[in-house]
Structure formats: structure tokens, C-alpha cells
Amino acid sequence: MRISGFVILAAGITAIVASRSLEASRLHGRLSVPPLYDDVSYFLDAIRWMNAVGDQSIAASAWNLLHDHAPFSTMVAITGFALFPGSFIGPYLVHAVVVFAFLLGIAWMAWRRPALEVASCLIAVACVPVLWHTVTEARPDLPSGLFIGLAVGAIVRRGVLDRGARALAGLGIACALAVGIKPTAFFATLALLGSAFAIRLFVDCLEAGGLRTSIRKALGALLWFVLPLIATTAVLIGPALVETVTYILHVFVGQRDLWTTGESFSAGLLRFSIGGEGQFGLHYWLAIGTGLMLLRLVLAAICGSAALRDAVVLLASVLIAYAIPSVAAIKTYYFGAMFYGVFIVAMVLNGCASVALIEQLLVRFGFRDDIRRYLLTAGRVLALAFVLQLFLRHVVIGQISTATPLSAQQQESIRLATGRLWSLLREIKPETPGPLYVGFSSPYPVTSAAIQLYAAQAKMNLVVRDELYFRSAQETGDALLKSNILVVSSSIQHTLVGPRVGDELIARMDADKGVCLLDSMSFPDVSLRIYRRGC
């Protein structure tokens, strides 16, 4: 009954979070417009895989899936399209399974605590905006962050030195599955998980009498964890390792100047906590989680060294999860996902540990059993009532935020521009046999991959070229002229990649005698010109 009760509670919370998140997305998020950048790339991989699966063996299909940018997100999109053909809601709705699995993981973390505490943890976690954004975004970053948080929690919640070989191997495999959700972050994820395990193992050795007396047992535990972790990671990431490393170097080295914001190092260190990204993803839970961490440290210092060491191990893991994205030169809201996930899990572990430590102190101070039981029950009821009213106010009734909010004007620009461009491209025939090449100068108001997705769904021979990553208008224009169709946006103030050279490009194409204008669209925030090379 206890298991069934928590599963039903988690399912109910997930249903509410998913429905409210999708509703917000339909009103002013991704579902209000054609597929946008990032998410649409995984939709495109899914459609291509589904188009080819009928002509391939199961092994070949699995092999091709492992070569995708993020196989997890591709599989989610495949499942979504299979369940909801002809609609883009499916891949987002399937992410509700991620939220449900995360809530079950939270219940497992707090399993030994009383039912009221576990229920409070589940309801509290559902109030954190990161969980809403996991449903409104169809990309691997946030699911990866949530499961990395569970993996770190599974490592540090209790000692690893006395765990059996099977448990350690299972833990290593589970951590590798979390690593595989976002392959392009595997360096950072392995560093975090490896550091958390090393700190936990070091503390366990100290508690066992010192490194010298427990070194052999520690090496055995380390091998039982690391070898399955590396082997499983190799299976998941190995087929596309070259492409993954190439992508990492391309973005973080070759295009670093295009993605960096130029902010100071000190400002970058605050971005995922009290900065915009941290406030957006965690909101007031940053203060609550920090308060619970401090409370546990104080209580642990009173109760003894063993409790204090456990608190310090978790704190160290949270700080490492925060430092890894904070010190990187390139920062987005999604890069902080590993910190958000670890912080949420740490909040749950610290809350449960604090109540357990308070219970120990009540025993130490001589409170009778009945008084102690009444005090603890009253505290748990108050905590449950507190998080329940937050859930009702901010999730059930309140306004759910989305990670990609769009104004009414942006929605109109994206919908109209994408529809007109796609209608035009369907009527154009290439002058020579082969694909029709379409070059884009900007991801707004038309996302180039959305046009490629429509073409894949229609099985149209069309190739999209993103000419967004050049440093000057001359280079961008020269690259655009290699395509048959040129889609050029005016210069706008934006946070998207690429220089703001749209007006210069439009002036050049208007003056080029070898290029003719097919269509022109003007919106309050942007103008769009569609040209054809070789009139």
C-alpha cells in the first residue's frame, strides 16, 4: 500500500504538472508556433529515423540511433510522433514520463522516512520551475540534469565502502545511463559523478580507520563502480564519439567568441544561483534549499562527526555541480541543468536528514516518546500544508513559466513567415536534378530546421544550409550565394548566435543582378526577404 500510494501520488502530480505546462506552452511557448531551434533538431532526427527504419534491420536502426546528437531525445521524439502522429505535442507530452521517473526517484531517496515526509518532498519538488520546463522543452539538457541529480544523490546518500559488488556495479551502470542522456556533456558529467564518488569513498575510508587500513577495500569498490560506468558509457557514446568530441571542440573552441556574452568572471559565477538563470529555474527554492543545507550542517555539528561528514559530502557535491557550468566561458540556462538537478535532490536529502537529526536531539534532551511523536507529527503536518498550498497557488492555479517564452508579436511573425516560406518552397523545382539548397542567414523568424523537418515529413529532396556562424557580412553573403534559395532576415537585437548583419545582406542581395526577389515580409520586429539565385 505504501508503494502504491506514492506511485499514485507521483502520477497525479505529474499529470497536473504536464497539463499545466503544456497549456502554458500552447499559449506563449513552443507549442504556440512551428518547431523552434534546438527542439526541432531532435524532431528532425526522429523523422529521418522513422523514414529509414522500414528499409533497415533492427541492428542497423539501433546503430543509426546511437549516432544521433542525443539518442535519448531522438527516442523521446520517436515515441511522441508514434503516439500522436501529425502533431508536435507528442515529444513534449512524453517528457512527463521523465518528471514521473524523477518523482519516483525522489520517493526512493526518502523511502525510509515517514509517509508525510515523502509526500512533502514529492509536492515540494513539483513546485520547482525546472520540472515545468522539462515538459515544455524537448531537448536533453533538463532531463539529463534531473537524472544526474538522482545519480549524485544515490552516490552520496550513504557510504559506498560497505556496498556489495553488485550494488556498486548497478550504481555505475545507472550513472552511465544518466551520462548518456546528453552525450555532448559527458566530460562534465563524468567529472561530477567521479568527484562525488571519490569524496564519498574518501570520507568512508576515514570513518573506517584511515586510508592505510582500508585502501584495498577502497580500490575494489572504486573498480566495481568505475568499470561498469566506463563500459556502459562507451556503449552509449562510443559509436558517435568522434562526432561528439568534434562538436564539443567546434562549439567551445571554434565558435567560442560567438556564444560568449563577454560578462566578467565574477558575474558568471553568480549566474546559476542568484543570477537570472538560477532565479528562473529555482526561484525561491534556492533560498529554501540553501536554508535546509545550513540547518543540516548546524544540527550535524551538534550530533557528531559522522553526521557532519555526511552533510559535508553532499555540500561538496553541490558545490562541484555548481562550479562546473559556472566556470565555463559559454553559459545558457540549460548548461546549469546539472546544478539544478543536484540542488533539488540535495534539498530533499537535507530536509529528511534535518528531521532525522532533530529526532535524535529530542531523544538526547530527554523528551518522552509521546511528546516527541506529537512534536514530529505536528512539524510534518505543517510542512505538508506549507508545500501543498505552494503547489496549489503556483502550479494548479498560478501561471506556469516556460523556458522559451514568446510574445504575441513573435508568435505571429514566426507562424506567418514559416508558413509562407514553406508554401513557396513546395512550389519551387530545382533547375538541375538533385536537391534544392536553401540558405538561411538567421534562425528568426523562420527556424531553418523546421523547414528541413517539413521537407523530411513530405519526403521532399531539400537541403538546408545554416550560414549563421560567420564573423562578417561579406563571409555570410558569399556563403548564402552557394544555395539556390536565400532566406535573409533584417538586423535585429537578439541573443541568438551570429552577427547582426541582416540589413547589409539585404542591401547586397537587392543590388546583385544574379539574384531575384521571390517574396518579402515585414513584421514589427523583423523583415524577411526570400531570393532565388540565377533568375
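Author: What follows sets some values against their definitions.

This is a predicted model, in which local features need pLDDT of at least 70 and side-chain atom pairs count only at pLDDT 80 or more, while totals for chains, interfaces and linings use all residues. Residues are numbered from 1 along each chain as its sequence is written, and side-chain values use heavy atoms, with hydrogens and water left out.

Reader: Why is strand E1 called largely enclosed by the rest of the structure?

Author: Buried means under 20% relative accessible area, whereas exposed means over 50% and partly exposed lies in between, with a 1.4 Å probe and protein chains only. In E1 (residues 436-440), 4 of the 5 residues are buried, and therefore the strand is described as largely enclosed. Strands here are DSSP runs of E with at least two residues, and helices are runs of H or I with at least four, numbered from the N terminus.

Reader: What makes E1 and strand E2 a pair?

Author: Two strands pair if DSSP finds at least two bridges between them, and E1 and E2 (residues 462-466) have 5 bridges in the parallel sense. The bridge partner of Val438 in E2 is Val464. The chain goes from E1 through helix H21 (residues 448-458) to E2 in a β-α-β crossover that is right-handed, a word used when, with the strands pointing away from the viewer, the path from the first strand over the helix to the second runs clockwise.

Reader: Which residues of strand E3 stand across from Val438 and Gly439?

Author: In E3, Val438 has Ile485 as its bridge partner, and Gly439 stands opposite Leu486. E1 and E3 (residues 485-489) run parallel and are joined by 3 bridges.

Reader: What makes E2 and strand E4 edge strands?

Author: The open sheet has 5 strands in the order E2-E1-E3-E5-E4, with mixed pairing, and E2 and E4 (515-522) each pair on one side only.

Reader: How do you know whether Ser73 is buried or exposed?

Author: Ser73, which is found in helix H4 (residues 71-83), has 3% relative accessibility and so counts as buried. Leaving aside neighbours within four places in sequence, Ser73 is in contact (heavy atoms within 4.5 Å) with Tyr42, Arg139 and Pro140.
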